[in-house]
Amino acid sequence: MLLSEQCYKKIDRELAKYPDDQRQSAVMAALAHAQVELGWVSPETMQELADYIRMPAIAVQEVATFYNMYNLKPVGKHKITVCTNLPCALSGGERAAHHLKQKLGIDYRDTTADGEFTLMEGECMGACGDAPVLLVNNHRMCSFMSNDKIDSLVEELKK
């Protein structure tokens with residue numbers, strides 16, 4: 001088993017929300033729980049989830065590859081996604097991305113040598129009025145990110 005008993009308990013709570021013949025409805029939540037525990041979703045993890053949910057492995061893979069919130073390869077401890085959709089790009093997103101690239105010494109889809117940070121480019125995060133916007137590990141949205149705020153965030157995450 002790749003996932004812990006605690007992770008399976010969380011998945012069971014998700015499965016309980018649906019009738020038994022609609023267990024596949026919990027696949028997105030199951031993928032999210034697996035990713036929180038393992039850091040990414042490997043093909044083996046997708047197979048394990050498919051077996052547990054009782055759905056075809058290809059259907060789990062289709063969901064995992066369709067949405068960009070699932071990491072299909074290992075990422076750094078802190079994945080920072082920069083919104084580069086047009087409103088954010090015009091409101092400081094490009095500047096924020098450039099600053100992060102310089103500060104971390106990496107480009108989009110790269111991970112720092114120490115494995116701490118991965119930098120990703122993201123689509124609309126639904127917070128255009130708060131641009132530039134960053135998303136940390138798919139869970140924490142950071143708004144109005146000036147260079148100083150970016151520097152503080154990186155230092156905070158390093159601790």
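**Notes on rings, cysteines and a helix crossing**

1. Tyr8 counts as buried, at 8% relative accessibility. The cut-offs here are under 20% relative accessible area for buried and over 50% for exposed, with partly exposed in between (1.4 Å probe, protein chains only). Before going on, a word on the basis: this is a predicted model, with pLDDT of at least 70 needed for local features and 80 or more for side-chain atom pairs, while totals for chains, interfaces and linings use all residues. Residues are numbered from 1 along each chain as its sequence is written, and side-chain values use heavy atoms, with hydrogens and water left out.

2. How many aromatic pairs does the structure hold? There are 2 of them. One is Tyr8 with Tyr52, a tilted pair at 4.5 Å centre to centre and 50 degrees between the planes. It links distant parts of the chain, since Tyr8 belongs to helix H1 (residues 5–15) and Tyr52 to helix H3 (residues 43–53), 44 residues apart. Tyr52 is partly exposed at 27%. Another pair joins Phe66 and Tyr67: their ring centres are 4.8 Å apart and the planes stand at 85 degrees, so this one is edge-to-face. For the labels, rings of Phe, Tyr and Trp (its six-membered ring) pair if their centres lie within 6.5 Å; planes under 30 degrees apart are stacked, over 60 edge-to-face, and the rest tilted. Phe66 is exposed, with a relative accessible area of 63%, and Tyr67 is partly exposed at 33%.

3. Now the helix packing. H3 and helix H4 (residues 57–66) pack with their axes 8 Å apart, at an angle of about 125 degrees. That makes H3 oblique to H4. Angles under 35 degrees are roughly parallel, over 145 roughly antiparallel, 65 to 115 roughly perpendicular, and the rest oblique. The axes are lines fitted to C-alpha atoms, for helices over the stretch in contact, and angles run from 0 to 180 degrees between N-to-C directions. Helices themselves are DSSP runs (H or I, at least four residues), numbered from the N terminus.

4. Which residues meet where H3 and H4 pack? On the H3 side they are Met46, Gln47 and Ala50; on the H4 side, Ala57, Val60, Gln61 and Ala64.

5. Gln35 sits in helix H2 and is buried, at 10% relative accessibility. Leaving out residues up to four places away in sequence, Gln35 touches Trp40, Val41, Met69, Tyr70, Asn71 and Asn138. Contact means heavy atoms within 4.5 Å.

6. Tyr18 lies in the loop between H1 and helix H2 (27–38) and is partly exposed at 33%. Beyond its neighbours within four places in sequence, Tyr18 is in contact with Ser25 and Ala26. For scale, Tyr18 and Ser152 are 134 residues apart in sequence and 42 Å apart in space, C-alpha to C-alpha.

7. Last, the cysteines: a search of the whole structure turns up 0 disulfides. A disulfide would need a pair of cysteine sulfur atoms within 2.5 Å. Cys124 is partly exposed at 44%, and Cys128 is partly exposed at 36%.

Notes
Helix = DSSP H or I, 4+ residues; strand = E, 2+ residues; numbered from the N terminus.
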